[in-house]
Amino acid sequence: MEDIIIIDSVTKKYGKLIALDNVSLRVKKGEIMALVGPNGAGKSTLIKTSLGLLKRDSGKVLLFGKDPFFDPNARRSVGVIFERPSLPVSMPILEFLTHVSKIYNKDSKIIREVIELVGLKGKENTPFSQLSAGQRQRAAIAHALISEPELIIADEPTSNLDPVERNKILDLFTKINKENQLTIIISSHVLHELLRVSNKIAILKSGKILKVGTPDDIVKNVSIARIRCKNPLKIKENLEKIGFSLNAEGDNLYVKTESNEKTSLLLNVLSQEIKNGEQIYGIELIEPGIEEILEG
Amino acid sequence: MAAKRSWELILIDLWDSLRPPSFDIMLILVATLSGILSVLEPVTTPPAVANAVLGAVLFVTSLYLALRASSDLVNLVQTGVMPLYLTYPISRRVTSLIIYLTRVFLPSLILLGIPAIVSGIMLYPVVGKNIGEFLIMWIAYLIQAQLYGSIFILASNKTKSTGTSAVISITGYFGYTATSVILALIGSIDNIGILNKIANSMGFYNVLYDMLTGISTPLWEILVVPIIFLALFITYIIYFTRRFEP
């Protein structure tokens, strides 16, 4: 498949701080690439460097075969969504998108299509400042789609949203990817929400890419069991005796398992604890967070 | 195609900054009124008409530019709208130029242009004697406004607060005009000719008025404002082309 973005040995420094340290990454057509990392990992810097908005200190960036820092036309087929959705505040969405469609030399019928796609029908004439947080993010997505892009870059698009809206926005990205065959780069510090939408994940930390692979490659069999029980200290002691590593937070125990066998063993031990009269209120297997992946 | 893209970005930035338009309409009315009131001035030459009308309007224009070019620009950067503009397939240099046009050049063109047109009509018997001289004076005021606008737009880079940016700009404007007045005062009291000349050269319209009324004017006096303006404008374009890397 064709490479949409080629990032080759890119280093970016802010004074003495190395924000990107010899980063290389390729994004192929049709992929949903997730950039995952803790705050300060370099996700936003990588996105801005890929778009040519930041000057790199060394390395090469090609966006659709052009260097976007020197050739703004490289961004012609790119829609961008920033963490904090920011459109001109006083302008009604429809009017703003009309101007933007002319910047990209697109037919005006695209405006109605994207407004409908993102679920903002009926809000066309509302100024951006009067929209809710979720609607603002939808408006930003509509703005990104106006250019009929081949690539969408979204920098933490769900960070300011409640869980319901987060899921809706992620579903929207999946829909756009499937229906329009768009390539999507999406960043977040929350791994589990990107696991369900992406087909490739790059893990960043301290300006370096630590891992790149499919969600299965990244997560492997790591899972976390959250156990809510009456006597966490006693269960913790018993589990530690047979080699589990775990943390206690209030009434909750978090146990990391790295294989199906370990998970099975854990459930058997807990079953035995219940038989012995221990009160366990709930057991939940959850996907690992970025910390567990980095530790693993 | 690049011109069409730039034009649409100009429209976006203009229409967004003009909402709500009440403050802008009020200023345009004030500018129009000052043009109408020019009939009350006892003026007999076109340059004198320009000085009588545009002197007061330049003050209003400068304060307006302090808000539009400085305070509003900080807001544009801080709210993330500027980074959004920069994702369009338009170069950073052209975007910088567009911001200058919408935030400095066009507002000053309109605010100084309307009273010039109104006073030109109202006092046509005087202005009609030599429209060229009247136009030259108008351009002098426009260049003076660009000088202030360039200072303001550069000042916006130094702060992340819209209020601070406006205060720095307005203080800068008053500082510049006060310096000119103080130099003229000292020059007059102590009869130091060079101070008078420096004070005079700080207002491009003063220098051109002298030239048009036959007072001998050294070349350096003519060049002070245009050269400072050009230097600041070039600095702005170079600096903001870099600054607009969010």
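Me: What is the area buried between domain 1 of chain A and domain 2 of chain A, and what share of this area do carbon and sulfur atoms give?

Reply: In this predicted model, the area buried between domain 1 of chain A and domain 2 of chain A is about 740 Å², with 79% from carbon and sulfur atoms. The value is called buried because it is the accessible area (1.4 Å probe) that two parts lose on being put together, summed over both. As to conventions, residues are numbered from 1 along each chain as its sequence is written, chains are lettered from A in the order in which they are written, and side-chain values use heavy atoms, leaving out hydrogens and water. Local features need pLDDT of at least 70 and side-chain atom pairs pLDDT 80 or more, whereas totals for chains, interfaces and linings use all residues.

Me: What makes these two parts of chain A domains?

Reply: Their bounds come from an automatic or database domain assignment, which gives domain 1 (3-219) and domain 2 (223-295). Taken over C-alpha atoms, the centres of the two domains of chain A lie 37 Å apart.

Me: Why are domain 1 and domain 2 of chain A said to be in contact?

Reply: Contact means heavy atoms within 4.5 Å, and 13 residues of domain 1 of chain A meet 6 residues of domain 2 of chain A on that rule.

Me: How many salt bridges does the rule find across this interface of domain 1 and domain 2 of chain A?

Reply: The rule, a side-chain nitrogen of Lys or Arg within 4 Å of a carboxyl oxygen of Asp or Glu, finds 0 salt bridges between domain 1 and domain 2 of chain A. On the side of domain 1 that touches domain 2, α6(A) gives the most, with 3 residues. By class, that side of domain 1 has 8 nonpolar residues (Ala, Val, Leu, Ile, Met, Phe, Trp, Tyr, Cys and Pro), 2 charged residues (Asp, Glu, Lys and Arg) and 3 polar residues (the others, Gly among them).

Me: How many residues of chain B are in contact with chain A, and how many residues of chain A are involved?

Reply: In chain B, 27 residues are in contact with 29 residues of chain A. The area buried between the two chains is about 2600 Å², and carbon and sulfur atoms give 58% of it. The salt-bridge count between chain B and chain A is 0.

Me: Which element gives the most to the side of chain B that touches chain A?

Reply: Two helices of chain B, α1 (2-17) and α4 (81-85), each supply at least two residues of that side. Of the elements of chain B, α1(B) gives the most, with 8 residues. These are helices because they are DSSP runs (H or I, at least four residues), numbered from the N terminus.
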